[in-house]
Amino acid sequence: MSSVPDTRSPSPAIAATELEDLNPFHVSRRQFDRAVGHLAQLKRGLVDFLKTPVRTIEVCFPVEMDDGSVRTFKAFRVLHNRIRGPGKGGIRYHPDVTADEVRALAGWMTWKCALADVPFGGAKGGVICDPKKLNDAELRRITRRYISDLGDNIGPHTDIPAPDLYTNEKTMAWIYDTYDVMHPGRNNLPVVTGKPVDLGGSLGRSEATGRGVMVATRRFLEHGSVPDLRSLAGCTVVVQGFGNAGSVAARLFHEQGAKIIGISDSQGGVVSQAGIDPVVAIAHKAKTGAVAGLEGTREVTNGELLETPCDILIPAALENQILRDNAPRIQAKLVAEAANGPTTPDADEILSRRGIYVLPDILANAGGVTVSYFEWVQNIENEQWDLATVNAKLERKMGAAVDTVVERAKRMVGLSASGDGRPSVPILRTAALVVAIERVARVALERGIWP
Ligand code: NAD
């Protein structure tokens with residue numbers, strides 16, 4: 001696994017003119033198919049089952065708004081599978097949520113939990129709404145109605161939600177409270193993770209995703225696969241998306257000695273070759289609502305931000321950010337995916353041929369679900385672990401996952417090296433999926449296909 005970035009154009013197959021398919025479910029299936037190509041021993045029928053979510057729930061409900069009007073909202077909860085344990089996955093609030101997006105995210109959760117080796121299956125939820133145009137009381141009513149309509153399709157041992165895009169610990173508190181009202185007289189804390197710490201949340205959960213990205217990247221660099229990049233100290237880093245995952249990642253990379261030279265949010269980005277102090281940027285965003293206008297920086301679009309030369313690029317916002325179109329212009333040595341699904345399969349191939357490694361979402365951002373698992377265990381045991389314990393356990397889990405994927409990738413490169421010695425496939429994503437699919441398939445067969 002050694003390579004050097006170059007700026008060659010994509011292969012003719014990739015450069016074809018047809019529109020790129022950006023449907024996240026199709027993207028996730030292409031990734032899956034590529035990985036399954038390395039698992040010839042798997043039974044075809046089992047492969048079909050693992051590729052398909054077992055359940056998609058769509059609900060539609062009215063909510064009374066603060067101005068007295070009534071609006072109808074549509075929402076989803078998808079269970080991908082429960083082979084290794086209860087469904088687990090966040091809930092996002094966003095105007096662009098679709099059933100296929102939630103299906104893709106649920107599948108990625110299955111593979112992420114298997115890779116992190118936490119005893120969960122995969123699930124995900126989404127409500128089609130624009131949280132920026134809703135106040136707290138309206139968001140609370142939407143949350144309560146959504147959770148009450150899901151009824152017993154979620155539960156502490158069946159399907160356990162968590163935060164995602166535009167939901168946070170306040171949302172999780174409402175979810176817990178709603179479920180608890182519906183199921184009085186028992187310990188319902190494990191029904192949802194990412195709760196406030198004084199309501200059964202785990203210390204370290206709010207920063208677990210960003211911390212996991214930092215730990216995974218640091219560990220990957222220690223393996224020495226990225227030329228001239230063996231530690232975070234002195235690296236230049238660009239972070240797209242300055243929310244929970246992105247802002248924490250920026251702060252922790254900075255603490256490790258990396259220089260943050262670009263950050264962004266939905267309104268645009270800012271860059272500074274002198275470096276951005278993430279703590280100052282977090283305070284600026286809290287005060288003004290955006291990263292734009294941060295002192296000592298120059299404003300750029302999100303597109304320009306992604307193409308800024310840097311050592312490590314961290315997409316931490318939405319799917320479909322690194323595409324066939326802009327992948328030839330990405331100038332990072334490593335892409336560490338804090339977001340789910342930020343890189344399309346065509347872009348993956350282009351980056352791979354250019355020698356740019358991608359630390360895939362199901363590995364890089366697994367810190368969130370790992371500490372969610374710790375929260376669930378603490379809730380079941382009525383315990384609270386101290387922060388040092390949580391972070392040490394997180395670091396061990398992430399380190400083991402990275403080592404396993406690197407080891408598998410090294411074995412696979414021999415199979416897939418292109419003529420010039422560069423991997424012709426997105427090797428880390430494929431290796432991560434191969435490990436995860438193998439683990440889930442093994443348990444499915446151990447349990448025995450029902451009946
Ligand atoms: P968040 O709501 O806290 O933050 C999202 C950030 O992205 C905000 O700063 C927002 O302004 C920015 N953003 C939105 N649209 C953008 C755009 N078009 N361009 C640039 N920035 C944009 O959400 P989060 O929890 O940090 O989640 C971010 C990503 O990380 C998502 O893909 C999510 O699935 C993934 N993730 C989150 C967790 C978690 O524990 N929160 C865990 C694993 C993965």
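Me: Which residues have the most contacts inside the largest nonpolar core?

Reply: This is a predicted model, in which local features need pLDDT of at least 70 and side-chain atom pairs count only at pLDDT 80 or more, while totals for chains, interfaces and linings use all residues. Residues are numbered from 1 along each chain as its sequence is written, and side-chain values use heavy atoms, with hydrogens and water left out. A nonpolar core is a set of buried (under 20% relative accessible area, with a 1.4 Å probe and protein chains only) Ala, Val, Leu, Ile, Met, Phe, Trp, Tyr and Cys residues joined through side-chain atoms within 4.5 Å. The largest such core has 93 residues, and those with the most contacts inside it are Phe-253, Ile-263, Ile-312, Ile-314 and Ile-437.

Me: Which helix gives the largest share of this core?

Reply: Helices are DSSP runs of H or I with at least four residues, numbered from the N terminus. The largest share of the core amounts to 13 residues, and these come from α14.

Me: How far apart are the end C-alpha atoms of helix α1?

Reply: The expected span of a helix is 1.5 Å times one less than its number of residues. Helix α1 covers residues 24-36, so its 13 residues should span 18 Å. The model agrees with this expectation, since the end C-alpha atoms of α1 are placed at a separation of 18 Å.

Me: Which helices do the buried residues of α1 pack against?

Reply: Among the buried residues of α1 are Phe-25, Val-27, Phe-32 and Val-36. Taking contact as heavy atoms within 4.5 Å, the buried residues of this helix pack against α2, α3, α10 and α14.

Me: What kind of aromatic pair do Phe-120 and Trp-376 form?

Reply: Rings of Phe, Tyr and Trp (its six-membered ring) pair if their centres lie within 6.5 Å, and planes under 30 degrees apart count as stacked, over 60 as edge-to-face and the rest as tilted. The structure holds 8 aromatic pairs. In this one the centres are 5.1 Å apart and the planes stand at 70°, so the rings of Phe-120 and Trp-376 are edge-to-face.

Me: How many residues apart are Phe-120 and Trp-376?

Reply: Phe-120 lies in the loop between α3 and β4, whereas Trp-376 belongs to helix α12. The pair therefore links distant parts of the chain, with a separation of 256 residues.

Notes:
Helices (H or I, at least four residues) and strands (E, at least two) are DSSP runs, numbered from the N terminus. Buried means under 20% relative accessible area, exposed over 50%, partly exposed in between (1.4 Å probe, protein chains only).
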